[in-house]
There are 2 protein chains.
Amino acid sequence: MRNAYIQQMAAFNDILGDICDKSGIAMEKATNSLLQADLALAEEVITEHDEIVRLSRRAEEEAFSLLALQAPVASDLRVVVSGFQIVADVDRMGALALHVAKVTRRRFPNKTLPEEVNGYFAEMGRLAVELANSAREVLVTQDPKQAAEIEEQDDAMDDLHRHLFTVLMDREWKHGVAAAVDVTLLGRYYERFADHAVEIGRRVIFQATGSAEPTADVSK
Amino acid sequence: MRNAYIQQMAAFNDILGDICDKSGIAMEKATNSLLQADLALAEEVITEHDEIVRLSRRAEEEAFSLLALQAPVASDLRVVVSGFQIVADVDRMGALALHVAKVTRRRFPNKTLPEEVNGYFAEMGRLAVELANSAREVLVTQDPKQAAEIEEQDDAMDDLHRHLFTVLMDREWKHGVAAAVDVTLLGRYYERFADHAVEIGRRVIFQATGSAEPTADVSK
């Protein structure tokens with residue numbers, strides 16, 4: 001029974017890792033579509049999102065079948081329950097990448113971003129992909145130390161996000177309100193993407209040690 | 001056993017309803033603090049948020065103990081699992097009300113909103129409270145028909161949100177970029193608050209009928 005549980009749990013974590021991976025790829029493509037006003041690439045992200053949704057449903061079913069068939073108890077039960085919560089996080093990461101692609105499509109053939117903030121979004125995109133990769137890795141390794149590092153990676157995202165707001169709020173901003181609104185929402189999508197990766201790290205710590213409280217950081 | 005399950009499930013739904021209620025009250029106070037630049041009221045929301053966090057943890061523990069002690073199967077098991085997901089929604093609603101209060105505090109003693117958009121936020125605040133109340137009700141009644149109506153209520157929020165963006169994007173907007181950034185983020189907080197209420201409705205439908213797919217609306 002315990003062996004079957006371990007096997008099924010590993011299969012479940014593989015699907016979660018796969019969704020993380022696909023969300024990271026989606027965010028990478030979405031960022032490129034945004035920076036280059038590349039409609040075809042944006043459409044690709046939008047089409048491929050269906051696969052993320054499909055995988056999320058499959059992950060939920062897998063976790064559900066784990067509960068129903070293996071009837072885990074005690075700490076195993078906590079791990080499965082926290083698995084359901086991780087599904088929600090990876091699923092949302094995919095949705096946020098989709099949002100970025102949709103903004104690109106909405107503004108096409110224009111570029112959404114003023115040249116001035118391109119660098120910020122290139123870097124936030126890079127960090128988002130890195131965070132998704134880290135989240136995928138800790139889902140596989142279940143290493144709480146590695147999981148704790150995701151939070152530090154997120155600090156870089158928060159710094160960038162704060163700087164971006166400084167640029168926006170500056171009297172020198174010459175790109176008007178409409179561009180500022182887009183930049184504000186896009187910045188939030190990247191920040192929230194990163195938050196969900198952090199949340200996955202927290203849940204893995206919780207799964208591994210049972211001690212860290214998997215509380216969402218509501219300051220975000 | 002089945003009886004104990006039903007009792008414990010009712011107790012769990014009561015806590016969820018209570019969090020909905022408190023989130024609605026928090027959003028009402030946060031909206032008033034925003035409209036009147038009332039720092040004391042904003043601080044109240046921020047302080048009272050701890051209670052929402054505490055209740056969310058208690059709800060999770062309650063659901064967990066339900067799983068562990070009652071070992072529900074089949075549709076009961078699905079209901080409990082979906083209960084965990086509802087905890088995440090109500091918890092997030094509280095966090096979004098907290099965000100609004102924090103913006104008020106950050107801008108104090110200034111008003112965050114230009115006079116021109118006060119009406120939008122007064123109305124979005126009213127709708128948010130209404131949505132939280134509806135979510136609380138359906139958690140208690142478990143009535144799928146009533147749950148389906150939450151989605152219609154949310155249409156009004158979406159309409160307002162869209163109009164708000166029209167105001168922002170208008171060339172007549174005279175309040176500068178900084179105010180536009182605040183209005184953009186605040187608008188998003190209200191919209192997301194409503195989305196989570198809709199999501200609760202969807203999950204209650206799923207719990208009651210097992211048929212509706214509890215998929216997050218990723219267009220948001």
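Q: What does the side chain of B:Gln70 make a polar contact with?
A: In this predicted model, the partner is the side chain of B:Gln8, at 2.7 Å.

Q: Where is B:Gln70 placed in chain B?
A: B:Gln70 belongs to helix H2 of chain B, which covers residues 39-70.

Q: And is B:Gln70 buried or exposed?
A: B:Gln70 has a relative accessible area of 11%. Buried means under 20%, so B:Gln70 counts as buried.

Q: Changing topic to helix packing: at what angle do H4 and H6 of chain B pack?
A: Helix H4 (residues 115-141) and helix H6 (residues 176-209) of chain B pack at about 20 degrees, and their axes are 9 Å apart. H4(B) is therefore roughly parallel to H6(B), because angles under 35 degrees are classed that way.

Q: Which residues of H4(B) and H6(B) make that contact?
A: On the H4(B) side, they include B:Val117, B:Phe121, B:Met124, B:Gly125 and B:Ala128. On the H6(B) side, B:Val183, B:Leu186, B:Gly187, B:Tyr190 and B:Phe193 are among them.

Q: How many nonpolar, polar and charged residues are in the contact of H4(B) with H6(B)?
A: That contact has 17 nonpolar and two polar residues, with no charged ones.

Q: Is the crossing of H4(B) and H6(B) left-handed or right-handed?
A: H4(B) passes H6(B) in a left-handed crossing.

Q: Now between chains: how far apart are the axes of H2 of chain A and H3 of chain B?
A: The axes of helix H2 (residues 39-70) of chain A and helix H3 (residues 74-107) of chain B are 11 Å apart, with a packing angle of about 125 degrees.

Q: Which residues make the contact between H2(A) and H3(B)?
A: H2(A) contributes A:Glu60, A:Glu61, A:Phe64, A:Leu67 and A:Ala68. From H3(B) come B:Ala74, B:Leu77, B:Arg78, B:Val81 and B:Gln85. By class, the contact of H2(A) with H3(B) has six nonpolar residues, one polar residue and three charged residues.

Q: One more residue: where does A:Asn110 lie?
A: A:Asn110 is in the loop of chain A between helix H3 (74-107) and helix H4 (115-141). A:Asn110 counts as exposed, at 52% relative accessibility.

Q: How many residues apart in sequence are A:Asn110 and A:Ala37?
A: They are 73 residues apart in sequence, while their C-alpha atoms are 6.7 Å apart in space.

Methods:
Residues numbered from 1 in each chain as written. Chains lettered and ligands numbered in written order. Predicted model: local features only at pLDDT ≥ 70, side-chain atom pairs only at ≥ 80, totals over all residues. Heavy atoms only, no water. Helix = DSSP H or I, 4+ residues; strand = E, 2+ residues; numbered from the N terminus. Buried < 20%, exposed > 50% of the residue type's maximum accessible area, 1.4 Å probe, protein only. Polar contact = N/O pair within 3.5 Å; in protein donor to acceptor, adjacent residues only side chain to side chain. Axes fitted to C-alpha atoms, helices over the stretch in contact; angles between N-to-C directions. Parallel < 35°, antiparallel > 145°, perpendicular 65-115°, else oblique. Left-handed = near helix turned anticlockwise from the far one by under 90°. Contact = heavy atoms within 4.5 Å. Nonpolar A, V, L, I, M, F, W, Y, C, P; charged D, E, K, R; others polar.
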